[in-house]
Amino acid sequence: MKHYSKARAITFAAMFIALIAIGANMAAVVTIGAVPLTFQTVVAVLAGLILGKRLGTFAMLGYILLGAAGAPVFAGFSSGMAALASPTFGFILSFPVIAFVTGMISERSASSTKAVYFTAGLAGLAANYGIGVPYVYLHSTIILGVPDLAFWAVAAGMTPFFIKDFILVFFTAALAVKLKPHHSSRPALRKAA
């Protein structure tokens with residue numbers, strides 16, 4: 001695998017930070033019924049597929065740190081403590097895991113096909129909901145003090161979002177196959193000599 005300079009790797013990471021910030025706020029202009037179309041999850045999947053597990057994870061961590069520092073990059077142009085106190089912050093916390101999981105699966109595969117990328121994307125999606133849904137439940141029951149809230153009810157409430165993300169992951173896999181020839185090797189951070 002070809003190794004790019006740190007400057008080029010950081011440029012690729014910054015590009016994905018910008019993409020996920022834009023994707024987070026697409027809901028302001030695009031909705032299907034009551035379901036807002038945010039593209040954060042699929043950008044995290046694409047980061048893992050295109051940048052690989054290390055650089056993709058680095059980019060998603062950069063996104064979280066940028067938002068936590070006060071840049072309005074989270075959904076609804078939120079940032080800082082307001083976003084950290086949100087019941088959906090667990091989904092944001094899952095983005096580095098998504099990038100790592102999708103990157104790891106695609107890197108271990110001998111082929112770069114839509115099926116491989118879709119499988120990797122589904123694994124990333126599972127990580128996203130596996131972290132995000134329990135976070136919503138715990139936030140609702142512990143912090144908000146919602147009485148008698150069943151976990152299955154929280155999970156069922158996420159169904160429209162899961163269906164949306166499932167469909168978007170399919171298209172993301174197809175996009176990654178098209179982008180991969182133009183990005184023939186994943187940029188990686190080189191260790192300092």
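This is a predicted model: local features need pLDDT of at least 70, side-chain atom pairs count only at pLDDT 80 or more; totals for chains, interfaces and linings use all residues.
Reader: What makes H5 and H6 roughly antiparallel to each other?

Author: The axes of helix H5 (residues 95-108) and H6 cross at roughly 155 degrees, coming within 8 Å. That angle lies over the cut-off of 145 degrees, and H5 and H6 are therefore called roughly antiparallel. The crossing of these two helices, H5 and H6, is right-handed.

Reader: Why are H1 and H2 called roughly perpendicular?

Author: The axes of H1 and H2 cross at roughly 80 degrees and come within 8 Å. Angles of 65 to 115 degrees count as roughly perpendicular, so the term applies to H1 and H2. Sorted by class, the contact of H1 with H2 has 22 nonpolar residues, three polar and no charged.

Reader: How do you know that the span of helix H6 agrees with its number of residues?

Author: Helix H6 covers residues 114-143, which makes 30 residues. The expected span is 1.5 Å times one less than that number, so H6 should span 44 Å. The C-alpha atoms at the ends of H6 are 41 Å apart, which agrees. After H6 comes Gly 145, whose phi is positive, near 70 degrees.

Reader: Which residues are closest to the centre of the largest pocket, and which elements give two or more residues to its lining?

Author: The largest pocket holds about 450 Å³ of space. Thr 38, Gln 40, Ala 75, Thr 88 and Phe 91 are the closest to its centre among the 22 residues that line it. Two or more lining residues come from each of helix H2 (40-68), helix H4 (89-93), H6 and helix H8 (159-179). By class, the lining of the largest pocket has 13 nonpolar, seven polar and two charged residues.

Note on methods:
Residues are numbered from 1 along each chain as its sequence is written. Side-chain values use heavy atoms; hydrogens and water are left out. Helices (H or I, at least four residues) and strands (E, at least two) are DSSP runs, numbered from the N terminus. On a 1 Å grid over the protein atoms alone, a cavity is a set of points where a 1.4 Å probe fits but cannot get out, and a pocket is an open set with protein on both sides within 12 Å along at least five of seven lines; lining residues have an atom within 4 Å of a point. Grid points are joined across faces, edges and corners, and a volume is the space filled by probe spheres set on the points. Ala, Val, Leu, Ile, Met, Phe, Trp, Tyr, Cys and Pro count as nonpolar, Asp, Glu, Lys and Arg as charged, and the others, Gly among them, as polar. Axes are lines fitted to C-alpha atoms, for helices over the stretch in contact, and angles run from 0 to 180 degrees between N-to-C directions. Angles under 35 degrees count as roughly parallel, over 145 as roughly antiparallel, 65 to 115 as roughly perpendicular and the rest as oblique. A crossing is left-handed if the near helix is turned anticlockwise from the far one by less than a right angle, and right-handed if clockwise.
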